[in-house]
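Please find my notes on the model below. They are set out as numbered points, to be read beside the coordinates.

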Amino acid sequence: MTASSLYQKKNYITTFMATENINEQDELVETVDRAPCFDGICKSTPVDGEVSAVLTDTSMYNKHNIEEEEDEFSSSDEYHAAGEATLRLGTMTGPTVWSEFGRLSQEYDVANLGQGFPDWLPPDFAVESLVSATIDSTKSPHQYTRTAGHPNLVKQLARRYSKHMHRTIDPMNEVAVTVGASQALYLCLQTLVKPRDEVILFEPFFDLYVNQIKLAGGTPVYVPLKFVPYSDDDGVVTGGEWILEPEKLKKAVSSKTRAIILNSPHNPTGKVFNLSEMKQIAESVVAAGPQCVVISDEVYKYIVHSSPPEDELLTAGSSCPGHIHFASLPGMWDRTITVSSAGKTFSATGWQVGWCIAPSRLISPIHQLLPYVQFCASTVIQEALARSLPKADEPYEGYDSYYEYLNSKYRRKRDLLGRALKEAGFAIPDYDRTPGGGFFIFARITPELRRALPAERMGPEYTKNAAAPGGEARLDWALCQWMAEEKGVLCIPSSPFFSRERAMDGASDEFIRVAFCKTDETIEQAAKALMGVRSDKQNEVVATQTVTK
């Protein structure tokens, strides 16, 4: 079947579905989704106030309160209304940065550089693979498939990772397919961690990790990455690099360490861990003891837009240029679960197909748990991805492969947004000297931007915010909220990516996370909005100078 006929069939299906839905639209109540992600209170659907309070108000369930008031509280009706998972999360189930800034994105006309999802279609070959899989009557991938992973997909993944890892991967015993990388991480932690086990996180970190560790009964242990500015001489604030300090990692590991979560390329900083740092992590794994495993989150591995020098890579001519698969380090295959997904690579975050690659002793428990969490990921989507993967290696849009095209596209968007951020007064990494990956810029707030922020935005009327760490919106949050409400551009504050203690100490005050996985039109709209961030204060200065003269 040709691509043209596939699209005709797809258009027919789309038109039919749209027609069927017309008669239902009158019955729908228009709602605004206040909780697009990770929120314990979904205001999209009305619920009884009393029921909502019991389900979502978990302030009474935090560990400290339980220990102090165990006897009185454990006999209360409210305590018994909460399950173990809710108790483990405690106060972490209330409003979040995602629900708060999701609300702002809907209430204000903004250029949205917040959440990390591309706002364009997947590549043509991926859409064509999805359509062809959907209408393939011979294979009919509309029923359940193998719980541990659709056979066609696990074979494709095993073939690819055999090249990545320089070893033969068994598709049936060393691969597990999940509903996105988030579920893969969840299953890794659930099968590894027991209560009071410790899991090391490099800080800042993707905020999902903390609660998943707590859900497994574990304790997060934070190892701060050190920000090293290029130069802050003469009061000029610059960009810089985030580095791993070996002594801090060595101090954190112990016989209690069950896992280390490594995310490279790194969200939110864009850091690409170099070979030396990865060797230090490998040494710490061995030092911790035989129980210690690395969970290597590599969802951005095909988006290394500024590669490290060749001498900092494990091997030249890698199957993922610029990226090091941690499991490919000497002795680390047996100690690593590699996690990845299709969403970031193929600009299809809604496909929700992720996977784990590991030796059978680590994959087998995940296989055993999968049927009780999700019988299988979507068969249609798995089949579509299995058809897409070989096509991604073929020439695409004038490049040798889709992956080369993808990196070139992101490099251009990074530079387009980077120029706008610098003109607005932010300090950003110099990608000619600092390796970078993923699709976020971790921009540094300069004194000039601090002065541009209206003073009342740091007053109690704005800083008291239940979604912010510790209920207090600090500089990073105040600036992002002001830019969304008053300047028309939405970015994400950095404080949710830090531990509560360090955020409250001000470690995150200087940074915001900005996504460049957006269309040129969105980035250009954001660039225009960013031009206005300093404009009011600049106009005041110009007016003052004019009067003085």
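Predicted model: local features only at pLDDT ≥ 70, side-chain atom pairs only at ≥ 80, totals over all residues.

1. Residues are numbered from 1 along each chain as its sequence is written, and side-chain values use heavy atoms, with hydrogens and water left out.

2. Helix α15 runs over residues 379-392; helices (H or I, at least four residues) and strands (E, at least two) are DSSP runs numbered from the N terminus. Its 14 residues reach 20 Å from first C-alpha to last, close to the 20 Å expected at 1.5 Å a residue, where the expected span is 1.5 Å times one less than the number of residues.

3. Of the 14 residues of α15, 12 are buried, so the helix is largely enclosed by the rest of the structure. Buried means under 20% relative accessible area, exposed over 50%, and partly exposed in between (1.4 Å probe, protein chains only). Among the buried residues are Gln 382, Glu 383 and Arg 387. The cover includes α8 (124-134), α9 (151-165), β2 (175-178), β10 (354-357) and α16 (402-424).

4. The largest nonpolar core has 147 residues; such a core is a set of buried Ala, Val, Leu, Ile, Met, Phe, Trp, Tyr and Cys residues joined through side-chain atoms within 4.5 Å. Phe 202, Ile 281, Ile 337, Phe 426, Met 483 and Leu 530 touch the most other members. Beyond four places in sequence, Leu 530 is in contact (heavy atoms within 4.5 Å) with residues including Leu 417, Leu 421, Phe 426 and Met 483.

5. The axes of α10 (residues 180-192) and α11 (residues 208-215) come within 9 Å and cross at roughly 35°; axes are lines fitted to C-alpha atoms, for helices over the stretch in contact, with angles from 0 to 180 degrees between N-to-C directions. Residues that meet include Leu 185 and Leu 189 in α10, and Leu 208 and Ile 213 in α11.

6. Glu 203 lies in strand β3 (residues 198-203) and is buried, with a relative accessible area of 0%. Leaving out residues up to four places away in sequence, Glu 203 touches Arg 502 and Tyr 222, among others.

7. Val 228, in strand β5 (residues 226-229), is partly exposed, at 33% relative accessible area. Leaving out residues up to four places away, Val 228 touches Gly 240, Glu 241 and Ile 243. Val 228 and Thr 238 are 10 residues apart in sequence and 9.7 Å apart in space, C-alpha to C-alpha.
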